[in-house]
Amino acid sequence: MVRSRQARPRPLDQRARAVLRAIIEEYVATAMPVGSHALAERYGMGVSSATIRSVMADLERAGLIDQPHTSAGRVPTDEGYRAYVEALSEPVPLEPVDQLMIRHQFGQVAFSSEQWFRLAAAILASTTRSAGLVTPVQPARTRLRRVHAAVVHPRLAALVVVPTEGSLRQALVGLPVGADQAGLDEAARQVDRALGGKTAAQSAPVAERLDPLAQAIARSTVALMHQADASQVEGLFSDGLLNVMEAPEFARTEKLRRVFAALQDQAYLGRLVGHVRRHGGVRVFIGHENLLAEMSDVSLVMAPFGHEGRLLGVVGVLGPTRMAYARTIGAVGFVSGLMNELVGQLYA
């Protein structure tokens, strides 16, 4: 279900709905203002161009479309796109073959949340021809769920820290001479028993009382937990920003500079993530509906993933307001649901 920040627009009659839908779909496809003759020729509405012009005039008075120049056709406004999202379209699900391929891709990077985030952003970018975004969220204080350690070199082990909430953390840990996987597994079990459910501050003194190998793992674990506590929003994983840069709306690069600067604003990202998480479901922010003025030239389609007590975050797409909303909403909903499944499997 798509929920918005705005009230539902005033209902339109059947002809006005058809004309507005056609204007939006034509403009999304061509990036050119849409005239009445084009609608009459391409959309088979069964009425004359004069009738379509009359309906377009009504839509313009309602604030749903605009005429950029006196001699030009019409383009949708933010309010027009909102009407389209809320009342004139339904999410378009990904094709079954695409869903299967995406599941397979995630299966190849299992047990690595950072790779999940990068892959999710890349998949959304390629599927929607916009920019894919993923923002993992940290709890206020990281608590340990368990650790995993594997020998990768005679003197080196790969450590994976699984918190009770938030994303996985990874590091390399030096090993003493003669350490093997069996000893490493026992040391990891000691760390789980000693530090499970504790914060970094609670874990630090306990770590010093463990056996030498377990102590080395515990110290690295505490360090990773401190890193995780540094901020609520861990960062932004993105892919496909070039897709947005190539859109004709952004021929003036200062618009994109404002958008890119906003995406580096931790306070803004925190507000955005909090809003999406509180309301749940797929959320659509169109142009001036965005929480920051610098984002008024773009649209965001976002959805939360994960559950309280587990890994949490937000996944979505950024693109021009001239966006294929139905397909984008379907893609974001699918990837969000898949991320929920992966989190459930990880924390089972």
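Contact here means heavy atoms within 4.5 Å. With that in hand, take Tyr325. Leaving aside neighbours within four places in sequence, Tyr325 is in contact with Tyr81, Tyr84, Val85, Val284, Ile286 and Ser299. One caution before I go on: this is a predicted model.

Now the core around that residue. The largest nonpolar core has 54 residues. Tyr325 is among those with the most contacts inside this core, along with Leu59, Phe106 and Met339. Which element gives the largest share? Helix 13, residues 325–346, with ten residues. There is also a second, separate core, of 26 residues. Ala194, Ala207, Leu213 and Met225 are included in that one. As background, nonpolar side chains tend to be buried together in soluble globular proteins.

Ser203 sits in helix 8, residues 200–207. Is Ser203 buried or exposed? Buried, because its relative accessibility is 0% and the cut-off for buried is under 20%. Not counting residues up to four places away in sequence, Ser203 touches Leu195, Lys198, Val222 and Met225.

Next, helix 1. It runs over residues 14–30. It has 17 residues and reaches 24 Å from its first C-alpha to its last. That is close to the 24 Å expected at 1.5 Å a residue. Its buried residues are Ala16, Val19, Leu20, Ala22, Ile23, Ile24, Glu26, Tyr27 and Val28. What covers them? The cover includes helix 2, helix 3 (49–61), strand 2 (65–66), strand 3 (75–76) and helix 4 (78–88).

Stay on helix 1 for Glu25. This residue counts as partly exposed, because its relative accessibility is 35%, between the 20% and 50% cut-offs. Beyond its neighbours within four places in sequence, Glu25 is in contact with Tyr43 and Tyr84. Glu25 and Arg322 are 297 residues apart along the chain, yet their C-alpha atoms are separated by 9.1 Å.

Two backbone points. Ala31 is not a glycine, but has a positive phi of about 60 degrees. Ala31 lies in the loop between helix 1 and helix 2 (36–42). It is partly exposed, with a relative accessible area of 21%. Arg129 also has a positive phi of about 60 degrees, and is not a glycine either. Where is Arg129? In the loop between helix 6 (113–128) and strand 4 (131–137). Arg129 counts as exposed, at 55% relative accessibility.

The largest pocket holds about 260 Å³. Of its 15 lining residues, the closest to the centre are Tyr27, Pro33, Pro68, Val75 and Pro76. Tyr27 is one of the buried residues of helix 1.

The largest cavity holds about 40 Å³. Leu133, Thr135, Leu236, Leu263, Leu269, Leu272, Leu300 and Met302 line it. Strand 4, helix 12 (266–279) and strand 10 (298–306) each give two or more residues to that lining. By type, the cavity lining has seven nonpolar residues, one polar and no charged.

Key:
Residues are numbered from 1 along each chain as its sequence is written. This is a predicted model: local features need pLDDT of at least 70, side-chain atom pairs count only at pLDDT 80 or more; totals for chains, interfaces and linings use all residues. Side-chain values use heavy atoms; hydrogens and water are left out. On a 1 Å grid over the protein atoms alone, a cavity is a set of points where a 1.4 Å probe fits but cannot get out, and a pocket is an open set with protein on both sides within 12 Å along at least five of seven lines; lining residues have an atom within 4 Å of a point. Grid points are joined across faces, edges and corners, and a volume is the space filled by probe spheres set on the points. Helices (H or I, at least four residues) and strands (E, at least two) are DSSP runs, numbered from the N terminus. Buried means under 20% relative accessible area, exposed over 50%, partly exposed in between (1.4 Å probe, protein chains only). A nonpolar core is a set of buried Ala, Val, Leu, Ile, Met, Phe, Trp, Tyr and Cys residues joined through side-chain atoms within 4.5 Å. The expected span of a helix is 1.5 Å times one less than its number of residues. Ala, Val, Leu, Ile, Met, Phe, Trp, Tyr, Cys and Pro count as nonpolar, Asp, Glu, Lys and Arg as charged, and the others, Gly among them, as polar.
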